[in-house]
Amino acid sequence: MKRIAQFEKVSADCFAAAFPEGQVPSLESVKLPRRATTGSAGYDFFAPFDITVLPRTTVTVPTGIRVRIDEGWVLKLYPRSGLGFKYRLQLNNTVGIIDSDYYFSDNEGHIFIKISNDGYEDRAVRIAAGEGFAQGIFVEYGITVDDEVDAVRNGGFGSTTR
């Protein structure tokens, strides 16, 4: 296996900035993503606090996590298979893409995951703090032979198309 990335926690100030005053969960309780078995492709992302996603609603989860990724690789985020299968829990953008240069963005590369409860059973999905709710898979990618991009990221979500 190629070792191409390292997960870290964002700073306490960065984490706190993602929450309303007085409602910041403990950054100490944030668990770094990890694989469950030697054969697992995905790194489980764990809920940093209790999450309830009501039917036909979305919740944005500041994970407290950033990742340093070697150039030429990307982290793709998906819902945990069991939550998607049992409850139709989905990522709002279907697949989250974390580029290698996102680590250096103004928000420290803080990974946010927006999840939706698109289930048909009209039941809330409850995810306890510390429970896996998403998974990330590292994928190598290529570029075209005539690629001449020289722009540098300076921002978070959607900043590369502004």
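Tutor: We'll go from the whole chain to single residues.
This is a predicted model, where local features need pLDDT of at least 70, side-chain atom pairs count only at pLDDT 80 or more, and totals for chains, interfaces and linings use all residues. Residues are numbered from 1 along each chain as its sequence is written, and side-chain values use heavy atoms, with hydrogens and water left out.

Student: How many helices and strands are in the chain?

Tutor: Helices (H or I, at least four residues) and strands (E, at least two) are DSSP runs, numbered from the N terminus. Here you get 2 helices and 11 strands. Starting at the N terminus, the order is β-α-β-β-β-β-β-α-β-β-β-β-β.

Student: What radius of gyration does the chain have?

Tutor: That value is taken over C-alpha atoms, and the globule rule is 2.2 Å times the number of residues to the power 0.38. For 162 residues, a compact globule would come out near 15 Å; this chain has 16 Å, which agrees. Its C-alpha atoms fill a box of roughly 50 × 35 × 35 Å along the principal axes.

Student: And what share of the residues is buried?

Tutor: Buried means under 20% relative accessible area, exposed over 50%, and partly exposed in between (1.4 Å probe, protein chains only). The areas come from the Shrake-Rupley method. Buried residues make up 39% of the 162 in this chain. Take Phe 19, in the loop between α1 (12–16) and β2: its relative accessible area is 16%, so Phe 19 is buried.

Student: How many salt bridges are there?

Tutor: Side chains of opposite charge can pair when their charged atoms come close. The cut-off is a side-chain nitrogen of Lys or Arg within 4 Å of a carboxyl oxygen of Asp or Glu. That gives 4 salt bridges. One of them joins Lys 2 and Glu 140, with the closest N and O atoms 3.6 Å apart. This pair links distant parts of the chain, 138 residues apart: Lys 2 sits before β1 (5–9), Glu 140 in strand β11. Lys 2 is exposed because its relative accessibility is 57%, while Glu 140, at 47%, is partly exposed.

Student: Where do Asp 44 and Arg 80 sit?

Tutor: They form a salt bridge too, with 3.5 Å between the closest N and O atoms. Asp 44 is in strand β2 (residues 43–46) and Arg 80 is in the loop between β6 (73–79) and α2 (81–87), 36 residues away. Asp 44 has a relative accessible area of 12%, so Asp 44 is buried; Arg 80 is partly exposed at 29%.

Student: Which residue does Arg 56 pair with?

Tutor: Arg 56 bridges to Asp 122, and here the closest N and O atoms are 2.5 Å apart. Arg 56 is exposed, at 59%.

Student: What is the phi of Asp 122?

Tutor: Most residues other than glycine have a negative phi. Asp 122 has a positive phi of about 55° although it is not a glycine. Asp 122 lies in the loop between β9 and β10. Glu 108 also has a positive phi, near 65°, and is found in the loop between β8 (96–99) and β9.

Student: Last one: which residues form the negative surface patch?

Tutor: Patches are made of residues with over 30% relative accessible area and no salt bridge: like charges are joined within 9 Å, nonpolar side chains (Val, Leu, Ile, Met, Phe, Trp, Tyr) within 5 Å. Lys and Arg count as positive and Asp and Glu as negative; His and the chain ends are not counted. Each charge is placed at NZ of Lys, CZ of Arg, CG of Asp or CD of Glu. Here the negative patch is formed by Asp 146, Asp 147, Glu 148 and Asp 150. Asp 147 comes in the segment after β11 (132–140), and is partly exposed at 35%.

Notes
Accessible areas come from the Shrake-Rupley method with a 1.4 Å probe; for residues, only the protein chains shown count as cover.
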